Amino acid sequence: MTNLHGKRIVLGITGGIAAYKSAAIASRLVQSGAMVDVVLTESAQKFITPLTFQSLTHRRVFTDIFDIPPAENIPHIELSHQIDLLLIAPATANTIAKMAHGQADNLLTAIALATDKPILIAPAMETDMWEHPATRRNIATLTEWGVAQVGPAAGRLASGRMGRGRMAEPDEIVDAARQVLAKNGDMVGMRVVVTAGGTREPIDPVRYITNRSGGKMGHALAEVARDRGAQVTLVTTAGLPAPSGVSVVRVNTAAEMADAVLTAIPESDALVMAAAVADYRPAEIAPQKIKKGDGGLTLSLVRTPDILQLVAKYRAETGFPRKVVGFAAETTDVRRNAQEKLARKRLDWIAANDVSRTDAGFGVETNQVTLFGADGSVVELPLMSKTAVAAEIWNRVAGK
Ligand code: CTP
């Protein structure tokens, strides 16, 4: 579940060929649980029909400022105040110009002028129009007023020419919408650090010791915190894509993760250690690939730093991170082991999961965790998506 869930969004569509991609945007927003009211300008309807959007959103589509059904309020006043976001995609040079001059000659520009809610535009036009001083000035004006912008990208344009002016892709636009909504999230002003994935401890230049953690839980924690407005540092070993807007530190070993965490935690509000940190590493890393012999091979292992113990020490001296959450992946005695780690690592919360289950823990999208608090509280969560688990953890950290 993202921060689009339950949000009310006006998707404004203006007259450019990229309007066909707006159907994908509407579809993704609806699938994410947003309530989407589509407003099409007259020129947009030359490219795509209201019926397309009515079918996708299951809601009436607005086209005309004077089309007011009896017993309803004036749409632009009604819509402009009830929404969480006005998203205009594609936004043509003409609509951008009108917005920058406070014109309100159709329903969409009227909403843009009347609303006090965040506005995000996805410009789309020929390069010459994008680069024209008039457009440059209009964009600068909108930016100064706080209008957010995604794209345009460089690439093939409607004219067949190459250049900047292509509308950003629907996924990128939806992601940008999430980032704009995050500015009103309940974690605005918070600085958080999240770790993710299993560390890799090298044996020789081609081999390493690792574990089954894929990093999904940590990446979900980072994404949810970002969506709620936090400033996020994600220290990860996973090759998963990093959520945009998150500051990512890629590491391999426990020692590198320890360094990255200690660098990131000063002045931080929270650290959530979702990474599966190796407890041992090979005592020596062979400089060349180890060749096989006739007999067996014994690796000598030594302890890695316990990152949470280092954090506890730093926290005792400085008070940061303000909150610390650990994970306990267990296969037996989940409750007893988790509570012991909570105390030993001086955590505020520990999220314990039984990784012997096939539907929870490593490699899957779902997780079933029990949260143990330093105050003695025990919250047994049902099997849910990792995103939903992340939301529960942040609720505790943010004191919700
Ligand atoms: N952890 C850590 N540094 C380590 C090992 C673990 O910071 N070297 C963190 C993990 O990120 C997790 C918590 O400690 O948040 C518990 O990890 P776990 O491996 O379950 O605990 P260990 O202390 O290693 O105990 P054991 O492996 O013996 O069960």
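The model is predicted, so local features were kept only at pLDDT of at least 70 and side-chain atom pairs only at pLDDT 80 or more, while totals for chains, interfaces and linings use all residues. Residues are numbered from 1 along each chain as its sequence is written, and side-chain values use heavy atoms, with hydrogens and water left out.

Let's start with the ligand. Around it sit 15 residues, and the closest are M273, A275, D279, K341 and K345 (a residue belongs here if one of its heavy atoms lies within 4 Å of the ligand). By class, this shell holds eight nonpolar, two polar and five charged residues. Here Ala, Val, Leu, Ile, Met, Phe, Trp, Tyr, Cys and Pro count as nonpolar, Asp, Glu, Lys and Arg as charged, and the others, Gly among them, as polar. At least two shell residues come from each of α11 (307-318), β16 (323-330) and α12 (334-344); helices (H or I, at least four residues) and strands (E, at least two) are DSSP runs numbered from the N terminus.

K345 puts a polar side-chain atom 2.7 Å from an oxygen atom of the ligand. Taken alone, the ligand exposes 570 Å², and the protein buries 79% of that (areas by the Shrake-Rupley method with a 1.4 Å probe).

Now for the pocket lining. A pocket, on a 1 Å grid over the protein atoms alone, is an open set of points where a 1.4 Å probe fits, with protein on both sides within 12 Å along at least five of seven lines; lining residues have an atom within 4 Å of a point. The largest pocket is lined by 42 residues, with A275, A276, V277, F327 and A329 nearest its centre. Sorted by class, the lining has 21 nonpolar, 13 polar and eight charged residues. Strand β16 gives the largest share, four residues.

Most residues other than glycine have a negative phi, and most peptide bonds are trans. The bond from A89 to P90 is cis, with omega near 0°, and P90 is part of strand β3 (residues 85-91). Another cis bond runs from F320 to P321, with omega near -5°; P321 is in the loop between α11 and β16. E267, though not a glycine, has a positive phi of about 65°, and E267 lies in the loop between α10 (254-264) and β13 (270-273).

Key: Polar contact = N/O pair within 3.5 Å; in protein donor to acceptor, adjacent residues only side chain to side chain.
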